[in-house]
Amino acid sequence: MNRWSPSRLLDLANQSLLQDEDTAIAALESLPTELFPPLFMAAVSGRHGETLKAMVQARPFTRLPLGALRKAQQPHQDILKAALNGHDLLLAQKVRPSRWKLKVLDLQAKANTNFWNIWSETQAAAPMGSLEELRTRRKPVDNSRMGEKQSLAPLEVLTDLCLKETNPDEFLTFLLKKIKGRKRLLLLWCRKMETVAMPLQNIEEILKMVQLDCVQEVQVNCTWELSTLARFVPHLDQMVNLTGLHLSHIDMTSLISWTAEEVEKLNEQFTSQLLSLHQLQDLYLNSVFFLKGHLDQVLRCLKTPLETLWISNCLLLESDLTDLSLCPSTSHLRDLRLNDVNLTSLSHEFLQVLLVRVPPTLHHLDLHGCGITDSQLTAILPALGRCSQLTNFTFCGNPVSMAVLESLLQPILQLSKFRIGLFPVPLECYMGIQGTLHLGNLRGYLAQLRLIQQELGWPNSVFLFSDGICS
């Protein structure tokens, strides 16, 4: 039987105070600092917009971590609008409230953060390389020319951006309008920026409002032509702290009539901008069709070793893969993914060379859908068995036999840190031209697999995928 739990006295006091917003607002000037967070939460829950505006103006803390509330599925758009409108009212006042300390409006929906700790500013110092750490390293904005009415320090807004033309984010539109109308009084700090199907001209207008030197991750998902990408990449030159770059669906269809020299010039425009990205650690290239014959230009422009290289659904030449295996920027990879990159007719030597170079660092290896055959897999087994740090290996979507798969599993399962493998159903488990799965053969193979695990004394999980069937 559930016991009735009465409301806390503090909760009842907040509810009573908020029944009359005028009274609540008048009480803010003398409200003890420790009572601000619970009253703010009560105002949020009750959607008391006028009280929220007033609390922003009277806030006795330097930071307002509204992003932490987004995890709790609060009606955050109304809250954020109230906070910005409260800042507008503050700017209109000739005399600043004596308790006002707000400098940062943090809209980042971060995991593993506690609203109360951030609010009371007891959270641990920001880790090196975080948006907060980069922001605090920057020189303060010079407000000497803003005039008497603009003597307030700029309010810094921390958020991630997702720019899309269809179904645009209502609050983001509101925020950008505010920033555009309050130049130098609202500063937009962005850790992650994603573009989805938005015209480049619109993106460039928004970039003018962002402090680009603190952007750490950029995702381009716009189905652009190479010529459009070449116009966008000069903005990367200002993103000196960029650690992650994602490019997806970069096409070359409209360049068919272009000369080889013109296409080469566009490639050079893109790769030359990579020279300034001294902090780049993670590079994701999905359906980027200008890579064919040019992967070496991309990799050799990188000044520091990558931690993650993800190439998916791209056409590559054997020379591209040779360059990938020998380039200094791939010598310390932790995560290598070649998904749906056809390797069937190519030499296995590049994988041998690459795996020999990265055993001390490689944790994740993904060769899904590469069309790797028995002979190619057999050739790389010795190098694969020396990847002592390997924890995850994905190999499904490759046509290999039961015998070769078993020869792969034995060295893999003996790696001390290996945990999860995704492997294909072997060819012997299929019947006829249609490739129908033979369940009897599959059961026999799974039994053999369990026997191998028992013999090795290693209870790792091994999954086999085929047309949605797994075990």
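Some ground rules before the tour. Because the model is predicted, local features need pLDDT of at least 70 and side-chain atom pairs count only at pLDDT 80 or more, while totals for chains, interfaces and linings use all residues. Residues are numbered from 1 along each chain as its sequence is written, and side-chain values use heavy atoms, with hydrogens and water left out.

**Salt bridges**

Side chains of opposite charge can pair when their charged atoms come close. Searching the whole structure turns up 6 salt bridges (a side-chain nitrogen of Lys or Arg within 4 Å of a carboxyl oxygen of Asp or Glu).

| E50 | K53 | 3.4 Å |

Let's start with the local pair. E50 and K53 sit in helix α4 (residues 49-57), 3 residues apart, which is about one turn of the helix. Helices here are DSSP runs of H or I with at least four residues, strands are runs of E with at least two, and both are numbered from the N terminus. E50 is partly exposed at 42% relative accessible area; on this scale buried means under 20%, exposed over 50%, and partly exposed in between, using a 1.4 Å probe and protein chains only. D22 belongs to helix α2 (residues 21-27) and is exposed, with a relative accessible area of 62%.

Is D106 buried or exposed? D106 counts as buried, at 1% relative accessibility, and R63 is buried too, at 14%.

R300 is partly exposed at 44% relative accessibility, whereas D323 is buried at 17%.

**Helices side by side**

The axes of helix α15 (residues 349-357) and helix α16 (residues 374-384) come within 9 Å and cross at roughly 10°. Axes are lines fitted to C-alpha atoms, for helices over the stretch in contact, with angles from 0 to 180 degrees between N-to-C directions. That makes α15 and α16 roughly parallel (angles under 35 degrees; over 145 would be roughly antiparallel, 65 to 115 roughly perpendicular, and the rest oblique). On the α15 side, L351, Q352, L355 and V356 meet A379, I380, A383 and L384 of α16, where contact means heavy atoms within 4.5 Å.

Helix α16 also packs against α17, at an angle of about 10° and with the axes 10 Å apart. These two are again roughly parallel to each other. D374, L377, T378, L381 and L384 of α16 make the contact with V404, S407, L408 and I412 of α17.

**A parallel strand pair**

What joins strand β11 (residues 392-394) to strand β12 (residues 420-424)? The answer is 3 bridges, and the strands run parallel; pairing takes at least two DSSP bridges between two strands. The chain gets from β11 to β12 through helix α17 (residues 402-413), and this β-α-β crossover is right-handed. In other words, with the strands pointing away from the viewer, the path from the first strand over the helix to the second runs clockwise. Within the pair, T394 stands opposite L422 in β12.

**A few single residues**

N313 has a positive phi, near 55°, without being a glycine. N313 lies in the loop between β8 (308-312) and α14, and is partly exposed at 37% relative accessible area. D340 shows a positive phi of about 55° and is not a glycine either. D340 is in the loop between β9 (335-339) and α15, partly exposed at 39% relative accessibility.

Finally, W189 sits in strand β4 (residues 186-196) and counts as buried at 3% relative accessibility. The C-alpha atoms of W189 and L158 are separated by 4.8 Å, with the two residues 31 apart along the chain.
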